Structure formats: C-alpha cells, structure tokens
Amino acid sequence: MTDDGRRRSTPDDQAVPVSTGMEEADLKIRPDGNRLKDAIDNLISEVTASNDTQQAITTLENLVSQLRTANQNLVLATVKAQTLRDEAEAVNRRQNEFLAMLAHELRNPLAPISNAATVLERITAAHPLLPKVHNVLSRQVQHMARLLDDLLDASRVSSGKISLQKHAVSLADIIERAVEVSRPLIDKRSQQLTISAPSDALIIDGDLVRLAQVFSNLLINASKYTQDEGVIGLTVEQHGEIVSITISDNGIGITPEVQPYIFDLFTQGPRSLARTEGGLGVGLTVAKSIVEMHGGGITVKSDGPGCGSSFRVTLPAHAIAPSASTQSARQSAQPGRYQILLVEDNLDASDTLKMLLELEGHVVDTAPDGLRGLALATAAHFDFLICDIGLPGIDGFELIAQLQQRRDQPMPRMIALSGYGQPEDRAKALHAGFDEYLVKPVDGQQLLRAVSSLAAPFSAGVIT
C-alpha cells in the first residue's frame, strides 16, 4: 500500500490481470447490439419512408396544382368558346339582317324598272325598237333578282333558316314552273330543250316553290354553260318509291378537279374574263340543301371539258294524288275589271304599276303613304288593295289592322308588296290578313295572275 492509498503491485500481482470492469459491461452491451442495430435500421427505414411520403405528397401537390391550372384553363377556354360563339352568332345575325336590308333596298329600284318593262311589252306597236328594249330590261331585271335571291338563300342555308311548306304536289307542276322560269334564257340562245317523262302522274311530298327553284337553277346553269343551239335534256324516271330527274347538256363540261366541290358554296368552274356565264356560285349549294331537306340527293357527272354534264336529282315519291284544293288553286279565274287601290311610296313604282293595271282595264287609285291609303280605303269600296309593306306614316301591317277595325263591309282582296323575301316575312304578312305576298321586283304578269286568281269566289270576311 502506498502513501496515497493505492495498492502496491507485487510479482504475484503481475501474474494476475487487473480487472477494470469493462469486460462485464461489454458482455452486457453485446447481447443488445443487434437490437440497437435493428432500431437504427428501423429508424433509417422510417426516415426513408418519410422522405418517400413527403416526395409522394409533393408529387401529389404538383399534380393537384396542374389539375387546378388545367381546370382553370378549361373554364377559360369554355367561356372564350361561348363568347366566340355568341360573337359569331351576332355577326351572322347582323350579316343576315344586312343582306335582307340590302336586298330590300336593291329591289325597290328594280320594281319600277320591271314594271316599266312589262308596260313596254304591252305597247310594243308604238315603235319597232320597243320589243328589243323590253327584252333587255326584262332579262337584266330577272338576272338581278336571281342574284339577290341566291345571295339571301346562301345566307339562309349557312344559318339553317331555310324552311319548307310541304304538301302533295305534282312533279309535272314543279317541272312546268322550272321550265317557265328558264325558258327565256334557253330560247334566247336558240337551244333545244327536250323533256321525257312517264305518262303516269308522279306525286312528290314537297315544297312546290322550292323544288321548282332547284330545277330552274339546274336548267339555267345548263343553258349558261352550253353553247348557242346546244341541246338540253330533262328526263324523269321512277324506280319503285324513288323518282329521279336528270338534267343533261352537251356544253363545256366540268373538270375532274372541280366535280368533288361543285356543290360547295361559291365554287365555280373556270370561266372567261368576260364572265358571260354570270352567277355567284351559290345556286348549286342551295339546290343541294333543298333536295336533301326533302329526303333526296343530287349528284353530278361529267367526262371532262367539252363533254357536257348531267345533274341527277332523286326524290321519294308520294303515294297519294294532290288534293282537290291544290288542283283548284291552279285554275285561274276569268279576268275581270276591278276597282283597285294601290298604296306605294315609291313614285316610279306606283306610276308604272298603275299604268300596267290600267292597261288591263282596271280602275286604279293611288296613295303615297299609309295614312292616305287608309283614308281612301275607308271612304270608298275597292275590290283590291295592293299595298307596300314599308310605308311612311303607318306601314302596311298597321294599315290593314286599322282597316279591319273600321270597315263594316266586306274587305277587299289584299296583296302585299315587299322587298323582303324571306319565308318569315311572307308568313307574317299572311298571318296579318293579306291574301297574297309578292316580292319586289314583281313581275307584271305575276301580279296580274294574282289579281285574276284572287278574284275567284272565296269567303271574304265581313268586319263589323
């Protein structure tokens, strides 16, 4: 033992290892070593899992953010699409209104020109040049009127506003009307028109006016694109419940490149710089739409330039004959002499219509506005009232409404004149009480036929 209390080593002590207590501690730690390692591994696994979870959460948050952004873009795109659609509809509506107004304004000056041409036709003995002048005026007025109709019809087709008034009609009547419209151009070019049709009456469930428009358009096209003294054929065939009408010519033909697009809007074949054929390239588009609305179809065939062309229209046949009322409507009454009140604010149109009616033997009074027309109509008896719709003072609708309220005797037969030619315009006039609706420029013969037809006995209302 030393002075500081420590044990002094001896030789015997050197042989005996000194115990520090570490071995016992080591023995105690070692059995728990695997447990600590497992705990560390578990901790590492939890940290790793936590990192994976955080990464997954971050990825999910990114996806949610992307979805939120995509949803916002979709909402914005939907709103923008709706806005664009509304704007397009507004533009289309303004375009239709503008075209209708344009047609109205252009038809107003055409009306007196057309009337004057008809008057000239009835006084051709006055000068040898008058027949030629009349023919020129008539052709150009009809051409301008067709252009206006095509323009408006193209607008109605694009907006889906063409409507049909379908009933059982004779195909012969449809073709007769179409030939009547196209005959002047065919005769002018000394072309030969041949018609081949079955003797049996074929009935179509359709709109007489619209179907006549289809075939007159095809006949006029055939004439325009066929040389003078050329040949045009119209063939009618029935195959079971289907009727096919083929209009062919030996004209300039149609190139293979144009044929697939011939019914597209504003599509036309090659033409000379002189533009002798004329047209806007909308007639076939309108024809195709009308035929398809009747459940039919239209096709074109041509072997190329110089080989002529043929258009084939197919329509479903109808099983019943036209009604007696339809047949009687085609019968014209014998012409008479009538008291007529003409209300028209266009002085030239009024004068020329008055001359035309007086040449037919009628007695005509005129009024330049709605108020004076109403005063005359209530002060005296008239067999017919021929009235423009757009009038100063009160328009034609207000005139007829007040006339119906004030009269205590049979109403005159009433014919409306207007530069607006859309179906809804006609329907509105007929609903207001007009017996007939004629679109300017009114063909003189058409007006005289309307007077003659309406003069047939019918149940006129008595306003009390």
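Lys440 and Glu344 form a salt bridge whose closest N and O atoms are 3.2 Å apart; the term stands for a side-chain nitrogen of Lys or Arg within 4 Å of a carboxyl oxygen of Asp or Glu. Lys440 lies in the loop between strand 12 (436–439) and helix 12 (444–454), and Glu344 in the loop between strand 8 (339–343) and helix 8 (347–359), so the pair ties together parts that are 96 residues apart in sequence. Helices (H or I, at least four residues) and strands (E, at least two) are DSSP runs, numbered from the N terminus. This is a predicted model, in which local features need pLDDT of at least 70 and side-chain atom pairs count only at pLDDT 80 or more, while totals for chains, interfaces and linings use all residues. Residues are numbered from 1 along each chain as its sequence is written, and side-chain values use heavy atoms, with hydrogens and water left out.

Lys440 has another salt-bridge partner in Asp388, with the closest N and O atoms 3.3 Å apart. This pair links distant parts of the chain, since Asp388 sits in strand 10 (residues 384–388) and Lys440 in the loop between strand 12 and helix 12, 52 residues apart. Asp388 is buried, as is Lys440. Through shared partners, the salt bridges join Glu344, Asp388 and Lys440 into one network.

Strands of a sheet pair through backbone hydrogen bonds, either parallel or antiparallel.

Strand 10 pairs with strand 8 in the parallel sense over four bridges, and Leu342 has Ile386 of strand 10 as its bridge partner. Five bridges join strand 10 to strand 11, again in parallel, and here the bridge partner of Ile386 is Ile415 in strand 11. Strand 11 (residues 413–418) is in turn joined to strand 12 by four bridges, the two running parallel. In that pairing, Ala416 has Tyr437 of strand 12 as its bridge partner.

Five of the five residues of strand 10 are buried, so this strand is largely enclosed by the rest of the structure. In a regular strand the side chains alternate between the two faces of the sheet. Strand 10 is covered on both faces: Phe384, Ile386 and Asp388 are buried on one side, and Leu385 and Cys387 on the other.

The whole structure holds three aromatic pairs. Rings of Phe, Tyr and Trp (its six-membered ring) pair if their centres lie within 6.5 Å; planes under 30 degrees apart count as stacked, over 60 as edge-to-face and the rest as tilted. The rings of Tyr338 and Phe384 have centres 5.4 Å apart and planes at 65°, so the pair is edge-to-face. Tyr338 lies in the loop between helix 7 (324–329) and strand 8, and Phe384 in strand 10, so the pair ties together parts that are 46 residues apart in sequence. Tyr338 and Phe384 are both buried. Phe397 and Phe434 form another edge-to-face pair, 6.5 Å centre to centre with 75° between the planes. Phe397 lies in helix 10 and Phe434 in the loop between helix 11 (423–432) and strand 12, so this pair ties together parts that are 37 residues apart in sequence. Phe397 counts as buried at 19% relative accessibility, and Phe434 does so at 4%.

Definitions and conventions. Buried means under 20% relative accessible area, exposed over 50%, partly exposed in between (1.4 Å probe, protein chains only). Two strands pair if DSSP finds at least two bridges between them.
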